[in-house]
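Open the structure in your viewer and keep the sequence panel beside it. The stops below say what to select next and what is there.

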Amino acid sequence: MSWLHRAACRDVDPEIFFPIATPDTEAGEAAVAQAKQVCGGCSVRSRCLDKAIESREPYGVWGGESESTRSKLLSGARGRTS
Ligand code: SF4
């Protein structure tokens, strides 16, 4: 995956993409927002999101989206194909 070499998160602490704070709490939302801020400036964001959805990454922020948003995107995709 050569696009990873262009990832904005290459030199960022990976822990911000996998927050330990409980989702849907103020701390959890703050942690996700911090990761999303990095993703917002990433030139390979759409590829990252596609890969995360394709491989059904269960945890963390990928492509600027949290696991709950990716789950909703997957559900929507399933709904359109059935
Ligand atoms: S979109 Fe976010 S998680 Fe994906 S490569 Fe870019 S900075 Fe990293």
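Leaving aside its neighbours within four places in sequence, with which residues is Glu-65 in contact? Select Glu-65 together with Lys-36, Arg-45, Leu-49, Gly-60 and Arg-70, for these are its contacts (contact means heavy atoms within 4.5 Å).

Before going on, note that this is a predicted model, in which local features need pLDDT of at least 70, side-chain atom pairs count only at pLDDT 80 or more, and totals for chains, interfaces and linings use all residues. Residues are numbered from 1 along each chain as its sequence is written, and side-chain values use heavy atoms, with hydrogens and water left out.

**The whole chain**

Show the chain as a cartoon. It has 3 helices and 0 strands, in the order α-α-α from the N terminus on. Helices (H or I, at least four residues) and strands (E, at least two) are DSSP runs, numbered from the N terminus. Along its principal axes, the C-alpha trace spans about 40 × 35 × 15 Å.

Switch to a surface. Of the 82 residues, 27% count as buried. Buried means under 20% relative accessible area, exposed over 50%, and partly exposed in between (1.4 Å probe, protein chains only).

**The loop between H2 and H3**

Return to Glu-65, which lies in the loop between H2 and H3. Glu-65 counts as buried because its relative accessible area is 18%. Next select Ser-66, in the loop between H2 and helix H3 (67-81). Ser-66 is also buried, at 10%. Not counting residues up to four places away in sequence, Ser-66 touches Val-32, Lys-36, Gly-60 and Val-61.

**Helix H2**

Move to Ile-53 in helix H2 (residues 45-54). Is Ile-53 buried or partly exposed? With a relative accessible area of 24%, Ile-53 is partly exposed. Beyond its neighbours within four places in sequence, Ile-53 is in contact with Arg-70, Leu-73 and Leu-74. Draw a distance from Ile-53 to Leu-74: their C-alpha atoms are separated by 6.9 Å, although the two are 21 residues apart along the chain.

**Helix H1**

Select Gly-28, found in helix H1 (residues 26-40). Gly-28 counts as buried because its relative accessibility is 3%. Leaving out residues up to four places away in sequence, Gly-28 touches Ala-21 and Thr-22.

**The nonpolar cores**

Now show side chains for Ile-16, Phe-17, Val-32, Ala-35, Cys-39 and Val-61, the 6 residues of the largest nonpolar core. A nonpolar core is a set of buried Ala, Val, Leu, Ile, Met, Phe, Trp, Tyr and Cys residues joined through side-chain atoms within 4.5 Å. A second, separate core of 5 residues includes Trp-3, Ala-7, Val-44 and Cys-48.

**Around the ligand**

Finish at the ligand. The residues around the ligand are Ala-7, Ala-8, Cys-9, Phe-17, Cys-39, Cys-42, Arg-45, Cys-48 and Gly-63, each with a heavy atom within 4 Å of it.
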